[in-house]
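Got your viewer open and a selection tool ready? Here is a short tour, one stop at a time.

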Amino acid sequence: YAPASRSGYNAFAGYMDFGPGTPAGEARARTEQRQRQRMRMSLCFFLFGFGIITWTARRDNEKRNKGELVDAFYNNATRRWEKATPAMKRDPLLSTLVHLKSPGMVYGHGLTGTGGTQARVVRKQAQTLDGQNASDAYRARAQGTRS
């Protein structure tokens, strides 16, 4: 503990020599070079991603202003894309449901009248084990017929 007991002792000074000619100095230089390279690459990736986001946002806004795209959401009850209300765009949760679609796909858009078509789901009729339609078998059973 002799050096620590003297006045002027720097507790944060290292005991190794990190000078340029020593092995520790060369290792320090390599480590710092890797850190600088990693920082530059991270910055490049960030700027590239930010540029892509900015470019696509500008492009979509121009298309929206021209009328080529409209804000719409998919309504599961009617199975069609419908025009988004201003309240939906302001709400943080509902705004995640709003997408840009072409006016021809959107129901109720002013430019297209009724808009796109409603997708109808064709459901198969339920059948009993003997191959009859379930509704016919139920009706027959309700009338007292036993098969």
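## Stop 1: a greasy-side-chain patch

Select Leu43, Phe46, Leu47 and Phe50: together they make a nonpolar patch on the surface, with about 450 Å² of accessible area. Keep in mind as you click around that this is a predicted model.

Leucine 47 is partly exposed, at 49% relative accessibility. Phenylalanine 46 has a relative accessible area of 55% and counts as exposed, because the cut-off for exposed is over 50%.

How far apart are they in helix H2? Four residues, which is about one turn of the helix; H2 itself covers residues 23-66.

## Stop 2: ring on ring

How many aromatic pairs does a search of the whole structure find? Two. You already have one on screen: phenylalanine 46 and phenylalanine 50 are stacked, with 6.1 Å from centre to centre and 15 degrees between the planes.

For the other geometry, select tyrosine 74 and tryptophan 81. Their ring centres are 5.5 Å apart and their planes sit at 65 degrees, so this pair is edge-to-face; the cut-off for that label is over 60 degrees. Tyrosine 74 is partly exposed, with 37% relative accessible area, while tryptophan 81 is buried at 18%.

## Stop 3: arginines over rings

The arginine lies over the face of the tryptophan, 5.2 Å from the ring centre.

Then jump to arginine 80 and tyrosine 107. Here arginine 80 lies over the face of tyrosine 107, at 3.4 Å from the ring centre. Leave both of these displayed, as they come back below.

## Stop 4: salt bridges

Side chains of opposite charge can pair when their charged atoms come close. A search of the whole structure turns up six salt bridges; here are some to look at.

- Select glutamate 32 and arginine 28: they form a salt bridge, with the closest N and O atoms 3.4 Å apart. The two are four residues apart in helix H2, so about one helical turn separates them. Glutamate 32 is partly exposed at 33% relative accessibility, and arginine 28 is partly exposed at 31%.
- Select arginine 64 and aspartate 71: their side chains meet in a salt bridge at 3.4 Å, N to O. Arginine 64 is partly exposed, at 33%, but aspartate 71 is buried, at 14%.

## Stop 5

Switch to cartoon view. Strands of a sheet pair through backbone hydrogen bonds, either parallel or antiparallel. What you have here is an open sheet of four strands in the order S3-S1-S2-S4, with mixed pairing. At the edges are strand S3 (99-101) and strand S4 (106-107), each pairing on one side only.

Zoom in on strand S2 (residues 80-83) and S4. They run parallel and are joined by two bridges. What stands opposite glutamate 82 in S4? Tyrosine 107 does.

Conventions. Residues numbered from 1 in each chain as written. Predicted model: local features only at pLDDT ≥ 70, side-chain atom pairs only at ≥ 80, totals over all residues. Heavy atoms only, no water. Phe/Tyr/Trp six-rings, centres within 6.5 Å; stacked < 30°, edge-to-face > 60°. Buried < 20%, exposed > 50% of the residue type's maximum accessible area, 1.4 Å probe, protein only. Lys NZ or Arg CZ within 6 Å of the ring centre and 35° of its normal. Patch = residues over 30% accessible without salt bridge, like charges linked within 9 Å, V, L, I, M, F, W, Y side chains within 5 Å. Areas by Shrake-Rupley, 256 points an atom, 1.4 Å probe, with all protein chains shown as cover. Salt bridge = Lys/Arg side-chain N within 4 Å of Asp/Glu carboxyl O. Pairing = 2+ DSSP bridges.
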